[in-house]
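I open this notebook page with two topics to look up: how the chains meet, and how one annotated region is built. The entries follow the order in which I looked.

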There are 2 protein chains.
Amino acid sequence: MKFSIQRDRLIQSVQDVMKAISPRTTIPILTGIKITATSEGVTLTGSDSDVSIESFIPNEEDGNQLVEIFTPGGIVLQAKFFSEIVKKLPMDTIEIEVINQLQTVIRSGKSEFNLNGLDPEEYPHLPQVSEENVIKIPTDILKNLTRQTVFAVSTSETRPILTGVNWKVDSGNLTCIATDSHRLAMRSAAIEYTNDADYNIVIPGKSLNELNKILDDTSEPVEIVITENQILFKAKHLLFFSRLLEGNYPDTSRLIPTESKTDLVINTKEFLQAIDRASLLAREGRNPNVVKLTTLNSGIIEISSNTPEVGKVIEQVQSESIDGEDLKISFSAKYMMDALKALEGFEIRISFTGAMRPFIIHPINDESILQLILPVRTY
Amino acid sequence: MKFSIQRDRLIQSVQDVMKAISPRTTIPILTGIKITATSEGVTLTGSDSDVSIESFIPNEEDGNQLVEIFTPGGIVLQAKFFSEIVKKLPMDTIEIEVINQLQTVIRSGKSEFNLNGLDPEEYPHLPQVSEENVIKIPTDILKNLTRQTVFAVSTSETRPILTGVNWKVDSGNLTCIATDSHRLAMRSAAIEYTNDADYNIVIPGKSLNELNKILDDTSEPVEIVITENQILFKAKHLLFFSRLLEGNYPDTSRLIPTESKTDLVINTKEFLQAIDRASLLAREGRNPNVVKLTTLNSGIIEISSNTPEVGKVIEQVQSESIDGEDLKISFSAKYMMDALKALEGFEIRISFTGAMRPFIIHPINDESILQLILPVRTY
């Protein structure tokens, strides 16, 4: 194998595939990046066996030569060293050559590295995914779907299924649901697909977080293929595979209240900042991070917290409207702030059905996003 | 006590005095910021008993009103909470009032915090420093003196005196010296002083690092007063006290070679980048982080490292000149990079007296800065 390649483009691809590589893997070859040179260009692969990422750099793009292949072939190089080396090489072009079996020389200007490589034949094969049923979603919408739901997955392994995001594909619609059993985030969007198969799968939250870091902010579609235990996302020059979580995701539809007793319409940003400040003194004590919301006259709501050892805080926010019963309710400031950040830019409606019942937050006039939070009982 | 104050200016002063506050202090009141309002303005104080910082905000500056005092007085507020609260308050103006003994109300817009304060009478007094002998140094030169030396202090407490920077004031000159016994950094500069007293003191490296973060980048002079166990730095609206280290600093002058056998003139940046790359593979093995320098023909120097398990790297750098004997020498890449970063922007001369002797690095034609490094014996 011997080729030369544009450094900046190589750095970008290395950063992308590094997202799949874990230094704590128990399979030694997976600490490496697999590099394959063919007549079309160079492919990099990284994997931790849960997530695998493949990034392709073509010989030429938009009239610019990115790669020149002298001899096709492959090698696996230690990701930790290879990624730092390419970042620090002095010239715009890098030459990579395998000499003497697995010895690999990396040259740029007057700099020459000689790395011990590993045999690419020993690198695990990526899952084979048949591409019959393809779902298409614009990249920016997919990123929003993830951003507005994935924060609500469970971080505890007591119920592993809750560490994933539930995807339901049905009648031209994708619904994403995440819950840690104290709060729930849901978002749906229309999708395009080549077949009317329905799906109900659970994607690890960690995979979706990594995918969101790699995808460009573009309206170009991502193609998605779902198999029994894998999901593949295909973007330009990029393949992202993730295993799916096994097991049945709980039915969350019955958790969501359908009526309300108190309805609040409020500016998201002002409300978020007031909650943020009210939580400053609420770190310690019996109910860490819990704030209290009280409706007052004239559409004013009060957010407060009190930790006797430290002090107390009272915030007043003018709402657009308060309809229905007066209310005093306590909840986690963190959960509320996470939900409000997912709804940033919207004016929101919060619908309560009493101090001890879950409440829901929607953008006004938009039922495609829903955030649900369970209140906290305070004594 | 009651006053109103511009939020941005308060945030800046709080950040400055926070540099002296340690959450791990054993003296509870020192986890607080002391706030004092007088007819002239507001003074904030933070201290960990080694370093004390006082920041003053005057009622008015450049025609802008910064503070309005309603009732003079004082309070001590928990630094952790107070600093986060002022950062997040909604309006440009903040009102602070002590009610009911030590209860303190902080108001801004519709936000109201009520903090439990501590008695300012119990806050330790700052050292009394008589201002007879004042040394003046432009702020930017003081910051450079520190930046170019303080990184070389010892981080180990086995010889506590080496965790400080030795300041020698003599004949209108200040010399700063730091060493951890493997390398040494020295820089001198002319100073202005009102008295011809000589000093030989040791300032904790930690204090100088904090001071450098607070001082503005300006050519305005800093006034310095040295007493038996304290040093005071006075800048605009700022007092910075540090205790001095006790004990005698070793005489380092005899460590510095006065002759050389090989002299190298080289571009700092190219040399630094080559060392940086050569060190990438030198992390593990018998001599962690050690690289080898070899003089070749035609003014070329080679930087290399070799870790059999990982691979090897060879860098070539074209020097301006090599005079004297051929040389092979090994040294810590980290020490060399620290020294080169302190000399950034200069063309440098490196003077060697053989592979096992300390070598020195100067900017060419500037004897006021010196970096010394002990080589490493490799087998």
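The entries below cover the interface first and the annotated region second.

**Entry 1: extent of the interface.** I note at the outset that this is a predicted model. I asked how many residues of chain B are in contact with chain A. I found 29 residues of chain B in contact with 29 residues of chain A. I then looked up the area buried between chain B and chain A, which is about 2700 Å². Carbon and sulfur atoms give 52% of that area.

Entry 2: I looked next for salt bridges and found a count of 2 between chain B and chain A. I recorded one salt bridge in detail: A:D276 pairs with B:K88, and their closest N and O atoms are 3.0 Å apart.

**Entry 3: what chain B contributes.** I asked which elements of chain B each supply at least two residues to the side that touches chain A. They are helix 2 (79–88), strand 11 (111–116), helix 5 (268–278) and strand 24 (311–318) of chain B.

Entry 4: I checked how strand 11 of chain A (residues 111–116) relates to strand 24 of chain B. The two strands run antiparallel and are joined by 5 bridges. As a point of reference for viewing, I noted that A:S111 stands opposite B:E315 in strand 24 of chain B.

**Entry 5: the annotated region of chain A.** I consulted UniProt, where an unreviewed entry lists residues 1–127 of chain A as "domain: DNA polymerase III beta sliding clamp N-terminal". I computed 17% helix and 48% strand for the span. The end C-alpha atoms of residues 1–127 lie 25 Å apart.

**Entry 6: strand 2 of chain A and its partners.** I asked where A:I35 finds its bridge partner in strand 8 of chain A. The partner is A:I75. Strand 2 (residues 32–38) and strand 8 (residues 73–78) of chain A run antiparallel, with 6 bridges joining them. I then turned to strand 3 (residues 41–47) of chain A, which is joined to strand 2 by 5 bridges, also in antiparallel fashion. Here A:T36 has A:T43 as its bridge partner. I recorded strand 2 and strand 3 of chain A as a hairpin with 2 residues between them.

Note on methods
Residues numbered from 1 in each chain as written. Chains lettered and ligands numbered in written order. Predicted model: local features only at pLDDT ≥ 70, side-chain atom pairs only at ≥ 80, totals over all residues. Heavy atoms only, no water. Contact = heavy atoms within 4.5 Å. Buried area = accessible area lost by both parts, 1.4 Å probe. Salt bridge = Lys/Arg side-chain N within 4 Å of Asp/Glu carboxyl O. Helix = DSSP H or I, 4+ residues; strand = E, 2+ residues; numbered from the N terminus. Pairing = 2+ DSSP bridges. UniProt positions renumbered as here; feature names shortened; annotations may be inferred.
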